[in-house]
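Student: I am new to this structure and would like a close look at a single part of it. Please start with whatever term I need, and show how that part sits in the rest.

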Amino acid sequence: MIAELGHFALVLALVVALIQAGAPLVGGLFNPSLMRLAVPAARLQLGLLSLSFLALTYAFAVSDFSLSLVVANSHSAKPLLYKITGAWGNHEGSMLLWTLILAFFGGAVAFFGQNLPDSLRARVLGVQGLIGVSFILFLLLTSNPFLRLDPAPFDGNGLNPILQDPALAFHPPFLYGGYVGFSIAFSFAVAALLEGKVDAAWARWVRPWTLAAWCSLTLGIAMGSWWAYYELGWGGWWFWDPVENASLMPWLLGTALLHSAIVVEKRGALKRWTLLLSIFTFGLSLIGTFLVRSGVLTSVHAFAVDPERGIAILGILTFFVAGALLLYALRAPNLKVEGIFAPVSRETALIVNNLLLTAATVTVFVGTLYPLALDALNGAKISVGAPFYNLTFVPIIVPLLLLVPLGPLLGWKRADALGASQRLFAAGLAALIVGTSVAVWRAGGPWGAPLGIALGVWLLVGGFADMAYRIRLFRGASLMEALRKAHFLPRSIWGMTIAHAGIGIMVIGIVGISSWRVERIEAIGPGDVLQIEDYTLTFLNVGSYNGPNFTAERGEVRVEKNGREIGIMRPEKRFYKVSSMPTTEAAIYTTGIEDIYIVLGDATGTGTWTFRAYVNPFAPWIWIGAVIMVAGGIVSLSDRRYRVGAPVRAKAVEETAEGIGA
Amino acid sequence: MIRAVLLLLALMLPLSTTGWAVDPGEALTDQGLEERARNLSQGLRCLVCQNQSIDDSDAPLARDLRLLVRERISAGDSDVEVIDFIVARYGEFVLLKPRFNTQTYLLWGIPIIVLLIGGLIVFFNIRKTPLAERPEALSEAEKLRLAEIVNDREA
């Protein structure tokens, strides 16, 4: 009964989405008052899809095995948390979640977009509704989650054990929040092309939505990478796997979009480029969905190896991207070009940022799709892995990172490059000192490592150079006065500073684990000792225990540093009965600076077990950096100018002040 | 047959107690040779994994390949010969870094081409702005006036 309710709500949502799309986009041409339907439709749409998704979640929570989806992906012995997260741990459920998030962003614009001009809001919601129509149709026609099974079996087939993990359970919702969130930027771009107007106000509206999506995507990718780190048992955190790349591409282009939207907002330049970026960022999100959902790539992510579904998503992708580009070709030439600037200026810096981010995106795109294209063309099979990206992606990204601290110091329109560089003196000095120290301290290590650490320090310290300048720290202002000024800086400045510092921390983490990881692999028995770096690992014993739906072998290892005990680590090997799959649960002890990482291997049969122990210097900083970047995004999101909305003439004075400040 | 040989080989390899290996017992005793094996392993794909190198994977097939690499190295092959040997058996698919040949010109070329063309477009577009229209920096008088405004607001 509940499932039927969900099914019915989904069908109703299709009807409402048709109205949400049709009324403003088509009806508005004949009768402008029809456009007002968009807002209530978007709200209703959100309500109906929430109902539908709740119904499915309920079916999973109570293990309703009369639904074939629940049978295929759940089991009565699973912990409740994973029963619930199992609702989106499969193709159908995750696509329903996708659609729900789409409606969520549409609903958010309907609820919180009062400061938008009515026609723009209606058109944004119309485009959003059109995307909704295509995905609800996709659900109902190819991936209906509410199909019944008669007779119902007594139990289900279980969920992929890999997905029974907190990080992976919540990785898809955040990832989708990013993918789908970029749909708003797309809808805004298409609506702006329909309206024929792109101005500072438009950029100011589009940016917070993009920023919210970007934060969600960053968190989603970080979670996936963290999961890979602790679950795959080898301490690798990024494999350039096509599925990872599928999420990285919209992230890179979305990052470019965040930066170019600033130029549109502050200076009115880069309008057309920003529209294109909005279209392509969402296009890449759809490509990501296509790659993962179609089964083109064989992977744990591809629950559905079903070409029909792939072709359907490809059709949706083509329709929206080609349609938007056609509209762009027709309308963009009419956009007024504004914002003249000198070659050395903040504008140019942001253009270079966009150029490098776009080139990086194209590199990942080519690396991901080239093997597929080549295979389709002449059957040749090649692999594109880390060594390729180290030679292509890294040389594009490193110059970008080098320029990150410089950009914010350059003024709009025309900047003083020399003056800006002088303000980075402290950052340069810090990078030099730390880099040199590292080179001495870790002599004999990889030559790139000190340079990489220096880059991280440059980013970390350089990020604050702009802020220090603004609050006149060390420039005559007393510390209290400087702090007071810092307190009154716009939140967007704080956000940017925090996010840029976050990249620096992440860079240090990446360089650390890539350059200096130490590894010990030995077969040892109870009582044996393994010495790794400063740590003494004493293998105590291996016991077994029964989890809710798995059996496990768990080792106990005492960790001592310089003779002082710092903890007991318990690496596990689990075996999930229902799906007869083994998983490894690495034990990780983190000092905040480095991780001790232990994996329990197989018993050798002679009373010893294979142990893999690693010390991963700076590894936690990768994810700490990512979280700090997200925190920066959230701080920036709370900036007052997004709450007060578009500037109106009466506030001209305030606007001028902000223009100077930001 | 190959498996039998590999197994025999694995058994013959002395147990390493110093570590620095992928599985105890897999490692070569000669540190120099072992290091070469590790380096080569990192560029070879585990055929049944998600873009992981054989050095990074615990799949049995990855282990077989690791042993094969060590076998060839012990037999005196150079790095290039080892790679050629493995590619001859498993195809180009096994290489994580695709070779630069007619099939992959575009793969390697596109990033550079995009960067060059994009760079040229940006360069000429920025230069296109006529000099006369370029904004002037603030004059000294304007700077003073601006400082006054700012100080007024802060006071």
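Tutor: The expected span of a helix is 1.5 Å times one less than its number of residues. Helix H4 of chain B, residues 79–90, can be checked against that rule: its 12 residues reach 16 Å from the first C-alpha to the last, close to the 16 Å expected. Directly after H4(B) comes B:Gly91, with a positive phi of about 85°. The model is predicted.

Chain A holds 21 helices and 10 strands. Its C-alpha atoms fill a box of roughly 80 × 75 × 55 Å along the principal axes. Among contacts in chain A with a separation of 6 or more, 74% join residues 24 or more positions apart.

Now the sheet. Four strands of chain A form an open sheet with antiparallel pairing, in the order S1-S10-S9-S8. The edges are taken by S1 (518–524) and S8 (587–590) of chain A; each has a single partner strand, so one side of each has no neighbour in the sheet. On average, with direction ignored, neighbouring strands here are turned by 15° against each other.

The partner of S1(A) is S10(A), residues 609–617, and the two pair in the antiparallel sense over 7 bridges. Two of the residue pairs can be named: A:Ile524 is bridged to A:Trp609 in S10(A), and A:Ala523 to A:Thr610 in S10(A). Although S1(A) stands at an edge, 5 of its 7 residues are buried, so the strand is largely enclosed by the rest of the structure.

Another pairing in chain A is that of S6 (residues 572–576) with S7 (residues 581–585), antiparallel over 5 bridges. One of the pairs is A:Arg574 with A:Thr583 in S7(A). These two strands form a hairpin with 4 residues between them, and A:Ser580 in the turn takes a positive phi of about 40°.

Next, the nonpolar cores. In soluble globular proteins, nonpolar side chains tend to be buried together. The largest nonpolar core here has 211 residues, and those touching the most other members are A:Ala38, A:Ala185, A:Phe188, A:Ala189, A:Leu252 and A:Leu253. Beyond residues up to four places away in sequence, A:Ala38 touches A:Gln20, A:Ala23, A:Pro24, A:Ala122, A:Leu125 and A:Gly126. Another core, of 20 residues, lies apart from that one and includes A:Leu537, A:Ala586, A:Ile596 and A:Leu600.

A:Leu149 belongs to the loop between helix H6 (118–142) and helix H7 (166–195) of chain A. Within 10 Å of A:Leu149 there are 15 other C-beta atoms; a buried residue needs 20 or more and an exposed one has 12 or fewer, so A:Leu149 counts as partly exposed. The C-alpha atoms of A:Leu149 and A:Ser68 are 5.3 Å apart, with 81 residues separating them along the chain. Neighbours within four places in sequence aside, the contacts of A:Leu149 are A:Ser66, A:Leu67, A:Ser68 and A:Val71.

Methods. Residues are numbered from 1 along each chain as its sequence is written. Chains are lettered from A and ligands numbered from 1 in the order in which they are written. This is a predicted model: local features need pLDDT of at least 70, side-chain atom pairs count only at pLDDT 80 or more; totals for chains, interfaces and linings use all residues. Two residues are in contact if their C-beta atoms, placed from the backbone, lie within 7 Å. Two strands pair if DSSP finds at least two bridges between them. Axes are lines fitted to C-alpha atoms, for helices over the stretch in contact, and angles run from 0 to 180 degrees between N-to-C directions. A nonpolar core is a set of buried Ala, Val, Leu, Ile, Met, Phe, Trp, Tyr and Cys residues joined through C-beta atoms within 7 Å.
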